[in-house]
Structures are given as C-alpha cells and as structure tokens.
Amino acid sequence: TTENSSPKTQTMIENTILSSQPKLTNLVKLQQSLLLNGFHLLKPGGTLIYSTCSLCSEQNEGVISWLLHQEGDAFVIPVSFTK
C-alpha cells in the first residue's frame with residue numbers, strides 16, 4: 001500500500017496519476033460516485049464534509065461543483081479559518 005511507501009515513491013505515484021488524464025478522470029469519477037453515495041445516505045438535515053489531500057482542482061472544486069449540479073438540495077457552507 002502507498003501508506004507504507006517512502007515519500008519519494010509516494011510523490012512518484014501522485015505525479016503519475018496527475019500527469020495521466022485517463023487516470024485522473026477515473027479518480028474523479030470514483031470521487032464523484034463516493035460523494036454522491038455519501039450524500040444519498042445523509043439523514044435529513046445532515047452534514048457531509050468533503051475533503052481531499054489533493055491540490056488538483058478537478059478533484060476538489062470540480063467534484064463539489066459536479067455534486068451541486070447533480071443534487072438540487074446540496075449546498076456549500078462556507079468555512080473560514082481565522083486566528
């Protein structure tokens with residue numbers, strides 16, 4: 001598994017995914033599916049937090065935007081990080 005990999009190996013794996021459009025597309029589709037399933041499992045009034053460790057906008061803002069277009073009841077709650 002990648003969690004036991006060296007930092008150099010982990011970076012190589014990440015770069016391979018991000019530099020391959022088909023791999024990135026598949027990963028985004030997987031994230032969309034997971035997010036949609038999680039959204040459908042929410043109790044009424046529930047909160048779903050979506051977080052990734054990626055800096056890639058397709059995996060972050062893109063996935064959120066996709067969900068907002070798929071589900072009329074979905075909305076973003078702004079979060080601020082102040083000191």
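## Exercises on a pocket, cysteines and one isoleucine

The lining of the largest pocket comprises 15 nonpolar, seven polar and two charged residues. In this classification, Ala, Val, Leu, Ile, Met, Phe, Trp, Tyr, Cys and Pro are nonpolar, Asp, Glu, Lys and Arg are charged, and the others, Gly among them, are polar.

The model is predicted, with local features requiring pLDDT of at least 70 and side-chain atom pairs pLDDT 80 or more, whereas totals for chains, interfaces and linings use all residues. Residues are numbered from 1 along each chain as its sequence is written, and side-chain values use heavy atoms, without hydrogens and water.

**Exercise 1.** State which elements the chain contains and in what order they run.

*Solution.* Step 1: apply the rule that helices (H or I, at least four residues) and strands (E, at least two) are DSSP runs, numbered from the N terminus. Step 2: count three helices and zero strands. Step 3: read from the N terminus, which gives α-α-α.

**Exercise 2.** Describe the largest pocket by its volume and its lining.

*Solution.* Step 1: recall that a pocket is an open set of points on a 1 Å grid over the protein atoms alone, where a 1.4 Å probe fits, with protein on both sides within 12 Å along at least five of seven lines; lining residues have an atom within 4 Å of a point. Step 2: take the volume, the space filled by probe spheres set on the points, which are joined across faces, edges and corners. The volume is about 660 Å³. Step 3: of the 24 lining residues, Leu48, Ile49, Phe75, Val76 and Ile77 are the closest to the centre of the pocket. Step 4: helix H2 (21-40) and helix H3 (61-70) each supply at least two residues of this lining.

**Exercise 3.** Determine whether cysteine 53 and cysteine 56 are buried or exposed.

*Solution.* Step 1: buried means under 20% relative accessible area, exposed over 50%, and partly exposed in between (1.4 Å probe, protein chains only). Step 2: cysteine 53 has 80%, so this residue is exposed. Step 3: cysteine 56 has 12%, so this residue is buried.

**Exercise 4.** Locate isoleucine 64 and list its contacts beyond four places in sequence.

*Solution.* Step 1: isoleucine 64 lies in helix H3. Step 2: its relative accessible area is 23%, and therefore isoleucine 64 is partly exposed. Step 3: with contact taken as heavy atoms within 4.5 Å, and neighbours within four places in sequence left aside, isoleucine 64 touches Leu35, Tyr50 and Val76. Step 4: isoleucine 64 and tyrosine 50 are 14 residues apart in sequence, and their C-alpha atoms are 8.1 Å apart.
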